[in-house]
Amino acid sequence: MAFPAIISGVIEPVMSLTDTVMAGHIAHDTKNILGAVGIVSSFITALVWIFIQGSRAISSQISYAYGLNKVSQLRGLVSQVLIFSLVISVGCALIAYLFNNFVLEDLYHAEGGLLDNAIAYFRIRIWGLPLSFVTLTIYNIFKGLQNTSWSMYIGLLGLVTNLLFNYLFVFVWDGNIEGLAWASILAQFIMLFVSVYLLYTKTPFRFAYIRGLHPKFMENIRMSADLFVRSVMMQGTIYFSYYAASRFGGEEASAIVATHTVLNQVWLFSVFLFDGFCSAGGILSGKLYSREEYIPIRFMMRDLFFIVLAIGLGISLVYFVFYDSIGLWLSKDADIRNLFYRTFWVVVLMQPINAITFLFDGFYKGLGFTKTLRNTFLIATFSGFFPMYYFTECVYHLQLMGLWWALFVWMVFRGGILIIHYKTFFITQKGNFFKIE
(Lines give C-alpha, C1' and ligand atoms only; values in the text may rest on other atoms or scores of the structure.)
Protein backbone atom coordinates (compact mmCIF):
# COMPACT_ATOMS: atom_id res chain seq x y z
CA MET A 1 0.00 0.00 0.00
CA ALA A 2 2.85 2.41 0.75
CA PHE A 3 4.52 2.42 -2.65
CA PRO A 4 1.40 3.46 -4.66
CA ALA A 5 0.59 6.00 -1.94
CA ILE A 6 4.06 7.53 -2.32
CA ILE A 7 3.69 7.78 -6.10
CA SER A 8 0.18 9.26 -5.98
CA GLY A 9 1.26 11.58 -3.16
CA VAL A 10 4.09 13.20 -5.11
CA ILE A 11 2.27 13.48 -8.45
CA GLU A 12 0.31 16.63 -7.49
CA PRO A 13 3.42 18.63 -6.47
CA VAL A 14 5.32 17.23 -9.47
CA MET A 15 2.59 18.63 -11.73
CA SER A 16 2.91 22.02 -10.01
CA LEU A 17 6.68 21.74 -10.23
CA THR A 18 6.32 21.00 -13.95
CA ASP A 19 4.45 24.27 -14.44
CA THR A 20 7.14 26.04 -12.41
CA VAL A 21 9.96 24.54 -14.49
CA MET A 22 8.17 25.37 -17.75
CA ALA A 23 7.56 28.91 -16.53
CA GLY A 24 11.20 29.23 -15.55
CA HIS A 25 12.28 28.40 -19.12
CA ILE A 26 9.98 30.80 -20.95
CA ALA A 27 12.44 33.26 -22.42
CA HIS A 28 10.25 36.38 -22.26
CA ASP A 29 9.50 38.03 -18.87
CA THR A 30 10.72 35.00 -16.90
CA LYS A 31 10.64 36.49 -13.39
CA ASN A 32 7.08 37.79 -13.63
CA ILE A 33 5.76 34.60 -15.25
CA LEU A 34 7.46 32.40 -12.64
CA GLY A 35 6.20 34.57 -9.79
CA ALA A 36 2.67 34.59 -11.26
CA VAL A 37 2.59 30.79 -11.51
CA GLY A 38 3.77 30.52 -7.91
CA ILE A 39 1.20 32.97 -6.54
CA VAL A 40 -1.78 31.51 -8.40
CA SER A 41 -0.76 27.90 -7.74
CA SER A 42 -0.38 28.61 -4.02
CA PHE A 43 -3.85 30.21 -3.86
CA ILE A 44 -5.59 27.40 -5.76
CA THR A 45 -3.74 24.77 -3.73
CA ALA A 46 -4.86 26.59 -0.58
CA LEU A 47 -8.51 26.39 -1.65
CA VAL A 48 -8.21 22.70 -2.50
CA TRP A 49 -6.54 21.69 0.75
CA ILE A 50 -8.81 23.85 2.90
CA PHE A 51 -12.08 22.49 1.54
CA ILE A 52 -10.96 18.93 0.81
CA GLN A 53 -11.00 18.07 4.52
CA GLY A 54 -14.47 16.56 4.29
CA SER A 55 -13.08 13.81 2.09
CA ARG A 56 -10.16 13.36 4.50
CA ALA A 57 -12.71 12.61 7.17
CA ILE A 58 -14.64 10.20 4.92
CA SER A 59 -11.43 8.26 4.34
CA SER A 60 -11.04 7.42 8.03
CA GLN A 61 -14.76 6.63 8.33
CA ILE A 62 -14.62 4.21 5.39
CA SER A 63 -11.42 2.67 6.73
CA TYR A 64 -13.08 2.07 10.10
CA ALA A 65 -16.15 0.53 8.43
CA TYR A 66 -13.90 -1.60 6.21
CA GLY A 67 -12.33 -3.17 9.29
CA LEU A 68 -15.82 -4.11 10.52
CA ASN A 69 -17.03 -5.28 7.08
CA LYS A 70 -19.75 -2.60 7.06
CA VAL A 71 -18.74 -0.54 4.01
CA SER A 72 -22.15 -0.93 2.35
CA GLN A 73 -23.73 1.03 5.22
CA LEU A 74 -21.85 4.16 4.10
CA ARG A 75 -23.29 4.42 0.57
CA GLY A 76 -25.57 7.30 1.49
CA LEU A 77 -22.82 9.12 3.41
CA VAL A 78 -20.36 8.87 0.52
CA SER A 79 -22.96 10.12 -1.97
CA GLN A 80 -23.70 13.13 0.22
CA VAL A 81 -19.99 13.92 0.64
CA LEU A 82 -19.43 13.71 -3.13
CA ILE A 83 -22.32 16.05 -3.89
CA PHE A 84 -21.24 18.42 -1.13
CA SER A 85 -17.68 18.47 -2.54
CA LEU A 86 -18.93 19.26 -6.04
CA VAL A 87 -21.21 22.10 -4.90
CA ILE A 88 -18.56 23.67 -2.67
CA SER A 89 -15.83 23.50 -5.31
CA VAL A 90 -17.96 25.03 -8.09
CA GLY A 91 -19.05 27.80 -5.74
CA CYS A 92 -15.46 28.52 -4.70
CA ALA A 93 -14.30 28.64 -8.32
CA LEU A 94 -17.06 31.07 -9.29
CA ILE A 95 -16.43 33.41 -6.34
CA ALA A 96 -12.67 33.33 -6.88
CA TYR A 97 -13.08 34.12 -10.58
CA LEU A 98 -15.31 37.10 -9.84
CA PHE A 99 -12.89 38.48 -7.23
CA ASN A 100 -9.61 37.61 -8.96
CA ASN A 101 -8.37 41.22 -8.87
CA PHE A 102 -8.96 41.41 -5.13
CA VAL A 103 -7.12 38.13 -4.56
CA LEU A 104 -4.06 39.05 -6.60
CA GLU A 105 -3.80 42.78 -5.82
CA ASP A 106 -4.98 42.97 -2.20
CA LEU A 107 -3.98 39.57 -0.86
CA TYR A 108 -0.76 38.95 -2.79
CA HIS A 109 0.10 42.59 -3.64
CA ALA A 110 0.97 41.73 -7.25
CA GLU A 111 1.78 44.71 -9.47
CA GLY A 112 2.78 45.52 -13.03
CA GLY A 113 3.88 42.61 -15.19
CA LEU A 114 3.51 40.19 -12.27
CA LEU A 115 -0.16 41.15 -11.89
CA ASP A 116 -0.91 40.96 -15.63
CA ASN A 117 0.56 37.46 -15.91
CA ALA A 118 -1.13 36.30 -12.71
CA ILE A 119 -4.58 37.44 -13.92
CA ALA A 120 -4.17 35.69 -17.27
CA TYR A 121 -3.11 32.45 -15.56
CA PHE A 122 -5.67 32.69 -12.76
CA ARG A 123 -8.76 33.16 -14.96
CA ILE A 124 -8.09 29.82 -16.66
CA ARG A 125 -6.58 27.73 -13.85
CA ILE A 126 -9.36 28.47 -11.35
CA TRP A 127 -11.81 26.34 -13.35
CA GLY A 128 -9.65 23.32 -12.64
CA LEU A 129 -10.57 23.65 -8.96
CA PRO A 130 -13.79 21.55 -9.14
CA LEU A 131 -11.96 18.94 -11.24
CA SER A 132 -9.17 18.56 -8.67
CA PHE A 133 -11.55 18.79 -5.73
CA VAL A 134 -13.82 15.93 -6.80
CA THR A 135 -10.86 13.82 -7.98
CA LEU A 136 -9.15 14.10 -4.59
CA THR A 137 -12.42 13.26 -2.84
CA ILE A 138 -12.62 10.06 -4.87
CA TYR A 139 -8.95 9.35 -4.06
CA ASN A 140 -9.81 9.42 -0.36
CA ILE A 141 -12.71 7.05 -0.91
CA PHE A 142 -10.27 4.64 -2.55
CA LYS A 143 -7.88 5.02 0.39
CA GLY A 144 -10.64 4.19 2.84
CA LEU A 145 -11.19 0.97 0.88
CA GLN A 146 -7.48 0.16 1.49
CA ASN A 147 -6.63 0.73 -2.17
CA THR A 148 -3.89 3.18 -3.12
CA SER A 149 -3.08 1.73 -6.54
CA TRP A 150 -6.00 3.31 -8.41
CA SER A 151 -4.97 6.80 -7.29
CA MET A 152 -1.41 6.08 -8.42
CA TYR A 153 -2.46 4.99 -11.91
CA ILE A 154 -4.75 7.99 -12.33
CA GLY A 155 -2.06 10.34 -11.08
CA LEU A 156 0.57 8.92 -13.43
CA LEU A 157 -1.82 9.34 -16.34
CA GLY A 158 -2.42 12.94 -15.30
CA LEU A 159 1.30 13.62 -14.95
CA VAL A 160 2.10 12.28 -18.42
CA THR A 161 -0.74 14.21 -20.06
CA ASN A 162 0.22 17.37 -18.18
CA LEU A 163 3.82 17.11 -19.40
CA LEU A 164 2.66 16.51 -22.96
CA PHE A 165 0.14 19.36 -22.95
CA ASN A 166 2.63 21.73 -21.28
CA TYR A 167 5.17 21.09 -24.00
CA LEU A 168 2.63 21.44 -26.80
CA PHE A 169 0.89 24.56 -25.50
CA VAL A 170 4.05 26.43 -24.44
CA PHE A 171 6.83 25.44 -26.81
CA VAL A 172 4.97 24.24 -29.93
CA TRP A 173 1.93 26.52 -30.02
CA ASP A 174 3.54 29.49 -28.16
CA GLY A 175 0.75 29.60 -25.61
CA ASN A 176 2.91 31.38 -23.01
CA ILE A 177 1.45 31.42 -19.47
CA GLU A 178 -2.10 30.80 -20.74
CA GLY A 179 -0.80 27.61 -22.34
CA LEU A 180 0.44 26.40 -18.96
CA ALA A 181 -3.03 26.95 -17.52
CA TRP A 182 -4.86 25.11 -20.33
CA ALA A 183 -2.45 22.17 -20.07
CA SER A 184 -3.29 21.79 -16.37
CA ILE A 185 -7.05 22.00 -17.01
CA LEU A 186 -6.98 19.25 -19.63
CA ALA A 187 -4.86 16.95 -17.45
CA GLN A 188 -7.20 17.49 -14.48
CA PHE A 189 -10.26 16.68 -16.64
CA ILE A 190 -8.73 13.39 -17.77
CA MET A 191 -7.93 12.44 -14.17
CA LEU A 192 -11.50 13.19 -13.05
CA PHE A 193 -13.01 11.15 -15.90
CA VAL A 194 -10.95 8.06 -15.04
CA SER A 195 -11.63 8.50 -11.29
CA VAL A 196 -15.40 8.52 -11.81
CA TYR A 197 -15.16 5.51 -14.11
CA LEU A 198 -13.32 3.48 -11.43
CA LEU A 199 -15.70 4.70 -8.72
CA TYR A 200 -18.68 3.35 -10.64
CA THR A 201 -17.10 0.10 -11.83
CA LYS A 202 -14.98 -0.93 -8.82
CA THR A 203 -16.83 0.35 -5.73
CA PRO A 204 -20.41 0.32 -4.37
CA PHE A 205 -20.48 4.15 -4.24
CA ARG A 206 -22.24 6.54 -6.64
CA PHE A 207 -23.12 10.20 -7.21
CA ALA A 208 -26.76 9.96 -6.15
CA TYR A 209 -29.26 12.02 -4.22
CA ILE A 210 -30.10 10.40 -0.88
CA ARG A 211 -33.14 11.78 0.90
CA GLY A 212 -32.34 12.63 4.51
CA LEU A 213 -28.93 13.01 6.09
CA HIS A 214 -26.92 9.89 6.81
CA PRO A 215 -26.57 9.18 10.58
CA LYS A 216 -22.79 9.72 10.36
CA PHE A 217 -22.98 12.89 8.28
CA MET A 218 -22.79 15.21 11.32
CA GLU A 219 -19.83 13.23 12.64
CA ASN A 220 -18.19 13.80 9.27
CA ILE A 221 -18.96 17.53 9.53
CA ARG A 222 -17.44 17.70 13.04
CA MET A 223 -14.26 15.97 11.92
CA SER A 224 -14.18 18.07 8.79
CA ALA A 225 -14.52 21.25 10.86
CA ASP A 226 -11.47 20.31 12.95
CA LEU A 227 -9.45 19.59 9.83
CA PHE A 228 -10.84 22.72 8.17
CA VAL A 229 -9.47 24.92 10.96
CA ARG A 230 -6.16 23.12 10.71
CA SER A 231 -6.04 23.53 6.95
CA VAL A 232 -6.95 27.22 7.13
CA MET A 233 -4.02 27.74 9.48
CA MET A 234 -1.72 25.80 7.15
CA GLN A 235 -2.69 27.72 4.04
CA GLY A 236 -2.74 30.97 5.99
CA THR A 237 0.87 30.34 6.99
CA ILE A 238 1.85 29.59 3.40
CA TYR A 239 0.01 32.70 2.23
CA PHE A 240 1.81 34.76 4.86
CA SER A 241 5.12 33.40 3.60
CA TYR A 242 4.35 34.66 0.07
CA TYR A 243 3.11 37.97 1.47
CA ALA A 244 6.31 38.37 3.48
CA ALA A 245 8.46 37.42 0.48
CA SER A 246 6.70 40.04 -1.66
CA ARG A 247 7.58 42.72 0.92
CA PHE A 248 11.30 41.96 0.89
CA GLY A 249 13.89 43.45 -1.37
CA GLY A 250 12.35 46.58 -2.86
CA GLU A 251 13.16 46.38 -6.57
CA GLU A 252 14.31 42.79 -6.11
CA ALA A 253 10.89 41.73 -4.78
CA SER A 254 9.97 39.79 -7.94
CA ALA A 255 13.23 37.79 -7.75
CA ILE A 256 12.59 37.00 -4.05
CA VAL A 257 9.01 35.90 -4.72
CA ALA A 258 10.19 33.76 -7.64
CA THR A 259 12.92 32.18 -5.48
CA HIS A 260 10.45 31.51 -2.68
CA THR A 261 8.18 29.88 -5.28
CA VAL A 262 10.96 27.54 -6.38
CA LEU A 263 11.95 26.68 -2.80
CA ASN A 264 8.33 26.07 -1.88
CA GLN A 265 7.80 23.73 -4.84
CA VAL A 266 10.85 21.66 -3.90
CA TRP A 267 9.71 21.56 -0.28
CA LEU A 268 6.19 20.53 -1.29
CA PHE A 269 7.56 17.71 -3.42
CA SER A 270 9.14 15.99 -0.42
CA VAL A 271 6.21 16.91 1.84
CA PHE A 272 3.74 15.17 -0.49
CA LEU A 273 6.08 12.20 -0.77
CA PHE A 274 6.11 11.76 3.01
CA ASP A 275 2.38 12.39 3.22
CA GLY A 276 1.75 9.74 0.57
CA PHE A 277 3.87 7.15 2.36
CA CYS A 278 2.48 7.92 5.80
CA SER A 279 -1.12 7.94 4.59
CA ALA A 280 -0.77 4.18 4.06
CA GLY A 281 0.06 3.84 7.74
CA GLY A 282 -2.92 6.02 8.58
CA ILE A 283 -5.24 3.85 6.47
CA LEU A 284 -4.02 0.70 8.22
CA SER A 285 -4.25 2.31 11.67
CA GLY A 286 -7.94 3.11 11.11
CA LYS A 287 -8.69 -0.48 10.11
CA LEU A 288 -6.69 -1.95 13.01
CA TYR A 289 -8.24 0.49 15.48
CA SER A 290 -11.75 -0.63 14.49
CA ARG A 291 -10.71 -4.21 15.32
CA GLU A 292 -9.02 -3.13 18.60
CA GLU A 293 -5.70 -4.57 17.41
CA TYR A 294 -3.59 -2.16 19.46
CA ILE A 295 -0.31 -4.06 19.65
CA PRO A 296 0.06 -4.33 15.84
CA ILE A 297 -0.48 -0.55 15.65
CA ARG A 298 2.36 0.02 18.11
CA PHE A 299 4.74 -2.23 16.17
CA MET A 300 3.69 -0.59 12.89
CA MET A 301 4.47 2.88 14.24
CA ARG A 302 7.86 1.76 15.56
CA ASP A 303 8.87 0.31 12.20
CA LEU A 304 7.51 3.23 10.20
CA PHE A 305 9.40 5.72 12.38
CA PHE A 306 12.77 4.31 11.36
CA ILE A 307 11.70 3.85 7.72
CA VAL A 308 10.54 7.44 7.21
CA LEU A 309 13.57 8.78 9.10
CA ALA A 310 15.84 6.89 6.69
CA ILE A 311 13.85 8.24 3.73
CA GLY A 312 14.14 11.79 5.06
CA LEU A 313 17.89 11.48 5.54
CA GLY A 314 18.20 9.98 2.07
CA ILE A 315 16.36 12.89 0.46
CA SER A 316 18.56 15.35 2.36
CA LEU A 317 21.62 13.57 1.00
CA VAL A 318 20.28 13.69 -2.58
CA TYR A 319 19.50 17.40 -2.27
CA PHE A 320 22.98 18.06 -0.85
CA VAL A 321 24.79 16.10 -3.58
CA PHE A 322 22.82 17.76 -6.40
CA TYR A 323 22.65 21.17 -4.72
CA ASP A 324 23.98 23.17 -7.68
CA SER A 325 22.28 21.05 -10.32
CA ILE A 326 18.83 21.54 -8.77
CA GLY A 327 19.21 25.31 -8.97
CA LEU A 328 20.30 25.16 -12.61
CA TRP A 329 17.43 22.83 -13.47
CA LEU A 330 14.74 24.97 -11.84
CA SER A 331 15.65 28.36 -13.28
CA LYS A 332 18.02 29.95 -15.75
CA ASP A 333 17.78 33.39 -14.12
CA ALA A 334 21.01 34.31 -12.30
CA ASP A 335 19.35 36.37 -9.55
CA ILE A 336 16.92 33.59 -8.70
CA ARG A 337 19.68 30.97 -8.61
CA ASN A 338 21.86 33.07 -6.30
CA LEU A 339 19.02 33.53 -3.81
CA PHE A 340 18.14 29.86 -4.14
CA TYR A 341 21.67 28.70 -3.31
CA ARG A 342 21.82 30.95 -0.22
CA THR A 343 18.59 29.52 1.22
CA PHE A 344 18.13 25.98 -0.08
CA TRP A 345 20.27 24.39 2.64
CA VAL A 346 17.50 25.10 5.19
CA VAL A 347 15.10 23.05 3.04
CA VAL A 348 17.74 20.28 2.94
CA LEU A 349 17.90 20.19 6.76
CA MET A 350 14.09 20.05 7.06
CA GLN A 351 13.67 16.70 5.32
CA PRO A 352 14.05 14.30 8.31
CA ILE A 353 11.81 16.60 10.39
CA ASN A 354 9.18 16.61 7.64
CA ALA A 355 9.29 12.81 7.45
CA ILE A 356 8.61 12.24 11.14
CA THR A 357 5.99 14.99 11.32
CA PHE A 358 3.95 13.53 8.49
CA LEU A 359 4.23 10.02 9.91
CA PHE A 360 2.38 11.05 13.06
CA ASP A 361 0.10 13.37 11.11
CA GLY A 362 -1.07 10.47 8.93
CA PHE A 363 -1.42 8.20 11.96
CA TYR A 364 -3.76 10.58 13.77
CA LYS A 365 -5.80 11.22 10.61
CA GLY A 366 -6.27 7.48 10.17
CA LEU A 367 -7.59 7.16 13.72
CA GLY A 368 -9.90 10.13 13.26
CA PHE A 369 -8.31 12.07 16.14
CA THR A 370 -8.98 15.40 14.48
CA LYS A 371 -9.09 17.49 17.67
CA THR A 372 -5.52 16.55 18.47
CA LEU A 373 -4.39 17.55 14.98
CA ARG A 374 -6.25 20.86 15.16
CA ASN A 375 -4.82 21.85 18.54
CA THR A 376 -1.29 20.81 17.56
CA PHE A 377 -1.41 23.02 14.50
CA LEU A 378 -2.66 26.04 16.42
CA ILE A 379 0.16 25.72 18.95
CA ALA A 380 2.81 25.19 16.27
CA THR A 381 1.68 28.23 14.28
CA PHE A 382 1.29 30.78 17.08
CA SER A 383 4.03 29.51 19.38
CA GLY A 384 6.53 28.39 16.74
CA PHE A 385 6.26 29.95 13.30
CA PHE A 386 5.31 33.55 14.01
CA PRO A 387 7.65 34.14 16.99
CA MET A 388 10.57 32.71 15.01
CA TYR A 389 9.75 34.76 11.91
CA TYR A 390 9.50 38.09 13.74
CA PHE A 391 12.61 37.31 15.80
CA THR A 392 14.77 36.62 12.72
CA GLU A 393 13.33 39.58 10.81
CA CYS A 394 13.29 42.20 13.55
CA VAL A 395 16.60 41.27 15.16
CA TYR A 396 18.75 39.90 12.30
CA HIS A 397 16.85 41.06 9.16
CA LEU A 398 17.38 37.69 7.47
CA GLN A 399 14.45 38.18 5.08
CA LEU A 400 14.02 35.02 2.94
CA MET A 401 16.43 33.02 5.10
CA GLY A 402 14.55 33.99 8.26
CA LEU A 403 11.27 33.05 6.65
CA TRP A 404 12.53 29.54 5.97
CA TRP A 405 13.95 29.21 9.46
CA ALA A 406 10.46 30.03 10.75
CA LEU A 407 9.04 27.27 8.54
CA PHE A 408 11.71 24.91 9.94
CA VAL A 409 10.65 25.65 13.53
CA TRP A 410 7.00 25.28 12.50
CA MET A 411 7.61 21.70 11.37
CA VAL A 412 9.62 20.90 14.52
CA PHE A 413 6.69 22.03 16.69
CA ARG A 414 4.13 20.11 14.64
CA GLY A 415 6.06 16.85 14.83
CA GLY A 416 7.34 17.31 18.37
CA ILE A 417 3.90 17.91 19.90
CA LEU A 418 2.43 14.83 18.23
CA ILE A 419 5.37 12.69 19.40
CA ILE A 420 4.86 13.89 22.98
CA HIS A 421 1.14 13.15 22.71
CA TYR A 422 1.81 9.68 21.33
CA LYS A 423 4.38 8.88 24.04
CA THR A 424 2.12 10.20 26.80
CA PHE A 425 -1.15 8.56 25.87
CA PHE A 426 -0.33 5.61 23.63
CA ILE A 427 2.75 4.23 25.32
CA THR A 428 2.75 5.05 29.04
CA GLN A 429 -1.01 4.76 29.67
CA LYS A 430 -1.41 1.14 28.63
CA GLY A 431 -4.73 0.73 30.40
CA ASN A 432 -6.36 3.49 28.31
CA PHE A 433 -4.44 2.89 25.14
CA PHE A 434 -6.86 4.62 22.78
CA LYS A 435 -9.45 6.23 25.05
CA ILE A 436 -8.49 9.80 24.29
CA GLU A 437 -11.19 11.71 22.46
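Student: Why is Trp-345 called partly exposed?

Tutor: The relative accessibility of Trp-345 is 35%. Buried means under 20% relative accessible area, exposed over 50%, and partly exposed in between (1.4 Å probe, protein chains only). The value of 35% falls in between, so Trp-345 counts as partly exposed.

Student: What kind of model is this, and how are its residues numbered?

Tutor: This is a predicted model, in which local features need pLDDT of at least 70 and side-chain atom pairs count only at pLDDT 80 or more, while totals for chains, interfaces and linings use all residues. Residues are numbered from 1 along each chain as its sequence is written, and side-chain values use heavy atoms, with hydrogens and water left out.

Student: What makes the rings of Trp-345 and Trp-405 a pair, and of which kind?

Tutor: Rings of Phe, Tyr and Trp (its six-membered ring) pair if their centres lie within 6.5 Å; planes under 30 degrees apart count as stacked, over 60 as edge-to-face and the rest as tilted. By this rule the model has 31 aromatic pairs. For Trp-345 and Trp-405 the centres are 5.6 Å apart and the planes stand at 75°, so the pair is edge-to-face. Trp-345 belongs to helix α14 (residues 334–367) and Trp-405 to helix α16 (residues 400–428), so the pair ties together parts 60 residues apart in sequence. Helices here are DSSP runs (H or I, at least four residues), numbered from the N terminus. Trp-405 has a relative accessible area of 21%, so Trp-405 is also partly exposed.

Student: What makes the pair of Phe-385 and Tyr-389 stacked?

Tutor: The angle between the planes is 10° and the distance is 6.5 Å centre to centre. An angle of 10° is under 30 degrees, so the pair is stacked. Phe-385 and Tyr-389 both lie in helix α15 (residues 370–396), four residues apart, about one turn of the helix, and both are buried. Ring pairs also link Phe-385 and Tyr-389 into a cluster whose members include Tyr-239, Phe-240, Phe-377 and Trp-410.

Student: How do you know that Asp-226 and Arg-374 form a salt bridge?

Tutor: A salt bridge is a side-chain nitrogen of Lys or Arg within 4 Å of a carboxyl oxygen of Asp or Glu. Between Asp-226 and Arg-374 the N to O distance is 2.9 Å, so the pair meets the definition. The two residues stand 148 residues apart, Asp-226 in helix α10 (residues 217–247) and Arg-374 in helix α15. Asp-226 is buried at 6%, whereas Arg-374 is partly exposed at 24%. A network of salt bridges links Arg-222, Asp-226 and Arg-374. The count of salt bridges by this rule is five.

Student: Which residue forms a salt bridge with Arg-230?

Tutor: That residue is Asp-361, with the closest N and O atoms 2.5 Å apart. Arg-230 is in helix α10 and Asp-361 in helix α14, so parts 131 residues apart in sequence are tied together. Both Arg-230 and Asp-361 are buried. Asp-361 also meets Lys-365 in a salt bridge, at 3.2 Å from N to O. Asp-361 and Lys-365 both lie in helix α14, four residues apart.

Student: Why is Met-233 called buried?

Tutor: The relative accessibility of Met-233 is 17%, which is under 20%, so Met-233 counts as buried. Met-233 is in helix α10. Leaving out residues up to four places away in sequence, Met-233 touches Phe-377, Leu-378, Thr-381 and Phe-382, where contact means heavy atoms within 4.5 Å.

Student: Is Gln-351 buried or exposed, and how do you know?

Tutor: Gln-351 has a relative accessible area of 0%, so Gln-351 is buried. Gln-351 lies in helix α14. Beyond four places in sequence, the residues touched by Gln-351 include Ser-270, Phe-274 and Tyr-319.

Student: What makes Ile-95 exposed?

Tutor: The relative accessibility of Ile-95 is 53%, which is over 50%, so Ile-95 counts as exposed. Ile-95 is found in helix α4.
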